[in-house]
Every structure is written in C-alpha cells, then in structure tokens.
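Welcome! Take a look at it first, and then read on.

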Amino acid sequence: MSSPAGPPGSRTAPETAPATATASVTAPAIASAPVTTSVTTSVTGWGRTAPTTARLARPGTYDEAVAAVRACGARGGIARGLGRAYGDAAQNAGGAVWDMTGLDRIRAVDAEAGTVVCDAGVSLHRLMEVLLPRGWFVPVSPGTRYVTVGGAIGADIHGKNHHVAGSFTRHVRSFELLTADGAVRTVRPGTALFDATAGGMGLTGVILAATVALLPVRTSLMTVDTERAADLDDLLARLSATDHRYRYSVAWIDLLARGAATGRAVLTRGDHAPLDALPARARRAPLAFRPGGRLPPAPRGLPDGLLGRRSVGLFNAFWYGKAPRRRTGELQKLSAFFHPLDGVPHWNRVYGRGGFVQYQFVVGLGAEGTLRRIVERIAARRCPSFLAVLKRFGAGGPGWLSFPSEGWTLALDIPAGLPGLGPFLDGLDETVAEAGGRVYLAKDARLRPELVDVMYPRADAFRALRAHTDPRGVFTSDLSRRLAL
Amino acid sequence: MKDAFGSPQSLLILGGTSEIALATARRLVARRTRTVWLAGRPSPALEAAAGRLRSLGADVRTVAFDALDTDGHEEALGKVFAEGDIDVVLLAFGVLGDQKRAEAEPATAVQVAQTNYTGAVSAALVCARSLRVQGHGSLVVLSSVAGERARRSNFVYGSSKAGLDAFAQGLGDALYGTGVHVMVVRPGFVRTRMTAGLDPAPLATTPAAVAVAIEAGLRRRSEAVWVPGALRPMMTVLRHMPRALFRRLPV
C-alpha cells in the first residue's frame, strides 16, 4: 500500500482551513510514473455475495491514479470507495480495483458560495466532521455516512430529502474525471459526460475530486416527528398528504405483517433543528458532531439463518409496537436519524457467509397498485426483511443511469440463501419493469441483463458514450460485464 | 458473471453429451445462462444436445474435444476462453468401463483410467489456468461415490474417480484465494445411459436431482456436494468398515 499523503504540489489548502477561493484541483501531467503497489485479493460488495479476485491498488495522489489507469491490463479497472454498493459494482474479476480512499483530502471550503472542494475518496462522515462545526451539512445523506464523494456521484445516491432536494449529483457543481486516455477533465452539469457519470457506476472514468454545494444548518440535531401507519393505504396517504412539510421523510415498513396490517409502517420525518429548539445546555455547542459510540463490530463467521422469519417477525412486531402512535418535535442526533446502522460496524456480517441482497425499486406516482401487489407478494412470501424502507421520491435527475425518479421506492434486505429467491425477485423485476419502474444498480447483484434497457432507456446512449470515450474498455466492473453496460 | 445466487451466464461442459451435465445446463439456462459451450467428440448426439439447449433460448456452440487427446486440450479449450469469460466449467466426461473385461484385457482398463483421470487432470488444469486469469468462475468436477472406497465389483472405475476426486480437492485448495471455486460433486448411482442395465444401488438418483444439487452448490459456493445428501454419512460408515467385512458386502 502506498502512503496516503499526496505530493507536496497537490497540497493546495490545509485540510480544514476555511477558504473563500476554491483551489485548483486539476492534476498536473505526470512526469515519472509513480508506483502504486497492488495486492491480489477477493472483493465483494456490501451484500457479500459473488466474490471475485482483483488486484487492489490504493492510489494516494492524482498522479498515481493516472498511472494506475494507464497501466491497467486487458481486464481493465474500476474505482472503489468504501464498498457500500451491495452488489458487484466495485468489483472487477481478474483486473484492477482502485481503492480511492487514499485520495482523502478536503481541499477548500467556500463559505460564501457554500461549497466544498474535496477528493473523491473523502467520506461523507469526514465531511460531516469537518463541515458541521462550520454550520454546513452534506446536501444529501444516504443511510450510511461511510460512502465516499466519488461513490456518491457514481451511484447518484439519494437520501430522505429526495422529495425536496433530489439526488446527490444535483448538488455537484463540477468534478474532475480521469478518463480512459489518461487525461483529467473538469466536468460540469449540463454536459453528456456529466449525465453519463452521474449514476454511471464508475464506468465513465475515475472521479478524482468534486465541488459540492452544501446545506447551511444552525445545529447538529434533528427535530423528528414519528407516527405509525396502520397499513399501506394509510402510509401512502400520509406520505402523499404531508411529505412536503418535511425536508426529510422515510418510512420503515413491516413486510412480514399480513392481512389487514399489510404494509404497516413507522414514519419518521423531520428537519434540522433550529437553534431555539435546543435545550440551554446544547445551545452552548449547537453544531457539535457527536455520532456517538459505535458498538463492537459484528463478528466474522456468523452462521446463515440468524435473520430468519421468526427472529425478524419478532423484531418487526417489537419495532412497530414500540413506535409512538404520534410524537412530534423529538430531538435526535444526526447519526440516530440518518445512520442508525453505522453504530454497528460490519453489520452486513449478521447475514452470515451466504450474504444478502438488497432489492430496491422505484415505480411512478400512479403505480400504487403495482406497489401494493409487490408488497403483498413479499408479505405472502414471508421474506424475512427487517430493514425495509419506503420513500416518496421527487423528480429524477438528468443522469442516464441515475436511479431515482418521481414515485415510490421500496428497499428491502433479504438473506441470499432464501430458497427460490432468485426466481421470486425476477418476478418482481417484471412487475416493476411493466410499470415503467427500475431497480437500483448500486444495490443490484442479480438483475436479468435483458431488463436493463427497459428500466434505463438511456442505457444505449451510455454504451455509445463508453464506446467512444473508452474503446478499449479500460473501465470495467463485474456489474458492467454482468449487465453488458 | 455469476449473480448473487451463483447463477452463471456462461457455461462450458466438458463431455457435452453427459446426461447429468445437460440436465444441469437446462436448469441454468432457465435462470441466467445464455452462452453454452458443449465440448465433446463431434457426433450427431452432441449436435442434437446443442439443438435442444438452443430451443430453450441459449446461444449454444460445440467444440471438438477428446479427453484422451490431452495434447489437443490446450488448443480446443483455449479457443473457448478466447471468446469470452466462462463462469462455470462442468467437467462431466467419464466412462464406466466393464470391470470383468478390464481385468481380462488391461488395455481397456487403461482407457478408463486415461479418460476419467488423465484426461480430466489435463482438461481441469487447462481450464483452471484460464479461470485464474479471469479472477472468477467455478470448476465443477463430477466425481462419484465409487471413488470414496474402491469396491471389488467396480474398482477400475472407482480408482479413476478416487484419483480425480483427490486431484480436484487439491486443485480447489491450490486455487483458493484466486477467485476460482472448485466443487467436487459425488453422486451415487445415477440412472443414465451409462448405468443402463445395471441394478440400481441403494439411494439411486437421477440426472435432474444431480442438477438441482449442482445449482444449489453453486449458490452456496460448496466445495463438495453429495447426491443425495444421505450418501455422505453412509459413505463415512463404509469408508471406516474393516476390509474383511467390506469385501463381503454385496456391493
């Protein structure tokens, strides 16, 4: 592994120093090829299915990244962040995988424009650590802080505020993209390369740095309203009627409940707490970022089947039962509201050696009937899923392979070893595709390739752009091989 | 690429007319497999098998391959891998031979040994090298419970499968960490052309059942699969039985 420290020339701004002018982040042309050592290792996504072996290298500077791309062999390479994509998006069997977390510097914070310039390997956790005390928050926060900025662009991630703020790339002012020819390009919104890269799963190049617009906040606490929905109709009605009042909104849904309780859920919606909502003591340090202690990591080697129907059914009944029927204005830590699972490092291990798949799809507004049928099928099938969430998306972005589009999205985790799960999910795919919906590539490890073009009508344009900018197929992942992207 | 459930998109069958292999191919084509290579001696049966798989929607190609012609393995199989990744290689060729004849005519015993062992060793190593370069893929080796302990009535075949089984296990260990997975499949008595006319042994099974077990083994990334599963404890008992007793068993 190379040292994460960059060359002296690239140290354009102290990491945490506020600056009003953004620093130049373009990589200089390489003088001599820097050496990045690589190790051959088995790589999986967060779901821990379908491991493949790749040469893992960790470029510590832009020059090293350029050299790595230029030196990649016949099987190409793919950038990888913190490995939170569930499927095979950041794997590349027999080729190179570039661990981008070595490019981990926050280069400038522009307090006037409300933007940050940082390397692609910087995590949202790190951004929060640095930016919250200055009164800024990331524009979009997914269910985990442990994703990189590069990964957030590559997957065009969304959060609980999608209905008001859209997906991550809506807030990206520009990024530096290392393309197949070894050049570094500054890419701005409104260009084909931007739209192909936003949600493009790293297949257009390696993102080296980005300028991201931030959200000003007064405190680091959230004010949260919680309410229960008795069934799916109740849930959709509540989300449709009152979501616009909240910046953040999500519903945890009990997919094991059947009969009249099918689709019962707990809604948690909220916003950043204003200063006057804080108790006097907390007002002394309103912007302190204290995610709280993390539990010990889940151990390795847990058996399959811990999360079976019985245990998950009990958990779901407990979780629904303990939620208040209605509670308003509760103050919660950011981490408790946004990232409850980050408290358990390696929580993905609880699914055992067999791993798990996450199934996330979106169907449009008006396709509530489809959503209902799918929820009923999942409930009838008794899929043991305790991490199921439903959310109402706002309008989609311009990214060609970007997932979010206006409508309803449901995400659920299922142990991969569940018998017959493959054909079952294929059936759901068909239903989703018929309704004009799609599944999320960052979570996918099993989609039937024929459906990609149905779900993502601009996949053809994506392929054409790749054929033009990357004729040798430098940027290749297991996902791109599996889905012929 | 294989998906999260171990379903391959491309399949290479060595021994393209094997009933077990073709039953497996039908199951896999019903899931994600779109490309199938059938390697075997050119014959109408091989083409017919290809045609049947094509009718299921797969892109099927045949390649001339002779287990006994080990010198030609490199070229024949190299051609297949040059066309694209192979997610699963199913090594399914083998001959049962005639035990009585083999004892009388050693040359026929040699042919059994060369097909089942030498040919398989050569083909497996050639494939393993390409799989290694890919960084992914499964090599599924059809062994047999007959290799678990050689029986008086069948020891030429049994010993060839014993050698293959040991080889495949070692190869699996050698490839550990390379992304390549080796799975040994040990069926009991399977009702096929190969065993037609023989009295079925206890726990006899069918090609379709072996195919189900192979698909499940790929999903679990198993290193060894017994078909049916009850054979595993049974063979453990037989393996530890004293010679004097084992010799007298009517098996």
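Which residue is the bridge partner of Thr40(A) in S3(A)? That partner is Arg55(A). This is a predicted model, in which local features need pLDDT of at least 70, side-chain atom pairs count only at pLDDT 80 or more, and totals for chains, interfaces and linings use all residues. Residues are numbered from 1 along each chain as its sequence is written, while chains are lettered from A and ligands numbered from 1 in the order in which they are written.

**A four-stranded sheet in chain A**
- Helices (H or I, at least four residues) and strands (E, at least two) are DSSP runs, numbered from the N terminus.
- An open sheet with mixed pairing has its four strands in the order S2-S3-S5-S4 (chain A); two strands pair if DSSP finds at least two bridges between them.
- At the edges lie S2 (38-43) and S4 (77-80) of chain A, each pairing on one side only.
- S2(A) and S3(A) are joined by six bridges in the antiparallel sense.

**A hairpin in chain A**
- S6 (residues 106-110) and S7 (residues 115-119) of chain A pair in the antiparallel sense over four bridges, and Ile106(A) has Cys118(A) as its bridge partner in S7(A).
- Four residues lie between S6(A) and S7(A) in this hairpin, and Gly114(A) in the turn has a positive phi of about 70°.
- Four of the five residues of S6(A) are buried (20 or more other C-beta atoms lie within 10 Å of a buried residue's own, with C-beta atoms placed from the backbone).

**Two helices side by side**
- The axes of H10 (residues 368-381) and H11 (residues 421-434) of chain A come within 10 Å and cross at roughly 170° (axes are lines fitted to C-alpha atoms, for helices over the stretch in contact, and angles run from 0 to 180 degrees between N-to-C directions).
- H10(A) and H11(A) are therefore roughly antiparallel to each other, a label for angles over 145 degrees.
- Among the residues that meet here are Arg373(A) and Ile374(A) in H10(A), and Phe424(A) and Leu428(A) in H11(A).

**Where the chains touch**
- In chain A, 22 residues are in contact with 17 residues of chain B; contact means that C-beta atoms, placed from the backbone, lie within 7 Å.
- S3 (52-57), H11 and H14 (478-483) of chain A each supply at least two residues of the side of chain A that touches chain B.

Note on methods:
Parallel < 35°, antiparallel > 145°, perpendicular 65-115°, else oblique. Contact = placed C-beta atoms within 7 Å. Buried ≥ 20, exposed ≤ 12 C-beta atoms within 10 Å, placed from the backbone.
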